[in-house]
Amino acid sequence: MGAKGNTSLELFPFFLTGIPGLEAQHGWLSIPFFTMYIIAIVGNSLIMAAVQANHALHEPMYLFLSMLAITEVGVSVSTLPTVMGILWFEARQVDFDGCLAQMFFIHTFSCMESGVLLAMSYDRFVAIYSPLRYTAILTLPRIISMGLGITLKSVAFMAPLPILLRQLPYCHTNVLSHSYCLHSDLIQLPCADTKLNSILGLAIVLATFGLDSLLIVVSYVLILYTVLGIASGEGRRKALNTCVSHICAVLVYYVPMIGVSVMHRVAKHASPMVHTFMSSVYLFVPPVLNPIIYSVKTRPIRQGIVALFSRKRELL
């Protein structure tokens, strides 16, 4: 399967890997994976539809939640074709440009998700620190500008990655270690010097995920400081309760990411199945859990989703 000589693999396909050691069970494994995709795509789409249809949900918190739902649908749709293709049809082959495109969209939507989580932490800080000016500060034009800024930043940071990979000669094995294309996988394949690509990749991680996570921590330090200044215990409890869903979303997103990073550095020689499992948790679990978390913990969202189904029943 390897490409011979100092040639570009655009003439050769990449071969994706399913779940190591469980290839014979791919048919059965397709059931939970497809179920997760359905929950992620349908759940996040329902949140977007509920916010769009219900004027009462046109508030900053729910508009940011819609942005989060868009990014999670984007991540799910980016990985779905190759993952389900392998599990259903053993379709492991993907062409060079298709692989680069998938890599770009996975990383771009992941970067956008991190940016939206940061924007949501700022939203929670403003809501608690200055509740009377909340809607005056986070106006619709400002929210749209923040959304566009997050999108442009993510695209600008991630666009150089496939462009630089496209310029390199490839002569190593063309077998990837996941069911989808990631930069950390593709950077192992060129037979030329990839130091620039590695430095750029690290700089992007620090400037996006690293900086976003740091600012989220700072936001919650400020939120906690503000909450401790509230006189009544009931007021403090209510203020913190408005942050629970977002804290869960942050943990669901960043804990698997940290786990994957630690695994790549500390447990390089661990079973391939362990690495595959950790990467799958990072990509698949947040889009599945976040709609459930926000539907359970946020009554207006739950009521908005119920109203959607009630409206459809009336039309029928």
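Biologist: Which side chain has a polar atom 3.3 Å from the backbone nitrogen of Ile 19?

Modeller: This is a predicted model. A polar contact pairs N or O atoms within 3.5 Å. Here the side chain belongs to His 26, with a polar atom 3.3 Å from the backbone nitrogen of Ile 19. His 26 is found in helix α1.

Biologist: Is His 26 buried or exposed?

Modeller: Buried means under 20% relative accessible area. His 26 has 2% relative accessibility, so the residue counts as buried. Setting aside neighbours within four places in sequence, His 26 is in contact with Gly 18, Ile 19, Ile 86, Leu 87 and Glu 90.

Biologist: What about Ser 78: where is this residue found, and which residues is Ser 78 in contact with?

Modeller: Ser 78 is part of helix α2, residues 60-89. Its relative accessibility is 12%, and therefore Ser 78 is buried. Beyond four places in sequence, its contacts are Gln 102, Phe 105, Ile 106 and Phe 109. Take Phe 105: this residue is 27 residues from Ser 78 along the chain, yet their C-alpha atoms are separated by 6.2 Å.

Biologist: Now the surface. Which residues form the nonpolar patch?

Modeller: The patch consists of Phe 34, Ile 38, Val 42, Trp 88 and Phe 89, and together they have about 510 Å² of accessible area. Two or more residues come from each of α1 (26-53) and α2. The most are given by α1, with 3 residues.

Technical notes:
Residues numbered from 1 in each chain as written. Predicted model: local features only at pLDDT ≥ 70, side-chain atom pairs only at ≥ 80, totals over all residues. Heavy atoms only, no water. Helix = DSSP H or I, 4+ residues; strand = E, 2+ residues; numbered from the N terminus. Buried < 20%, exposed > 50% of the residue type's maximum accessible area, 1.4 Å probe, protein only. Contact = heavy atoms within 4.5 Å. Patch = residues over 30% accessible without salt bridge, like charges linked within 9 Å, V, L, I, M, F, W, Y side chains within 5 Å. Areas by Shrake-Rupley, 256 points an atom, 1.4 Å probe, with all protein chains shown as cover. Salt bridge = Lys/Arg side-chain N within 4 Å of Asp/Glu carboxyl O. Polar contact = N/O pair within 3.5 Å; in protein donor to acceptor, adjacent residues only side chain to side chain.
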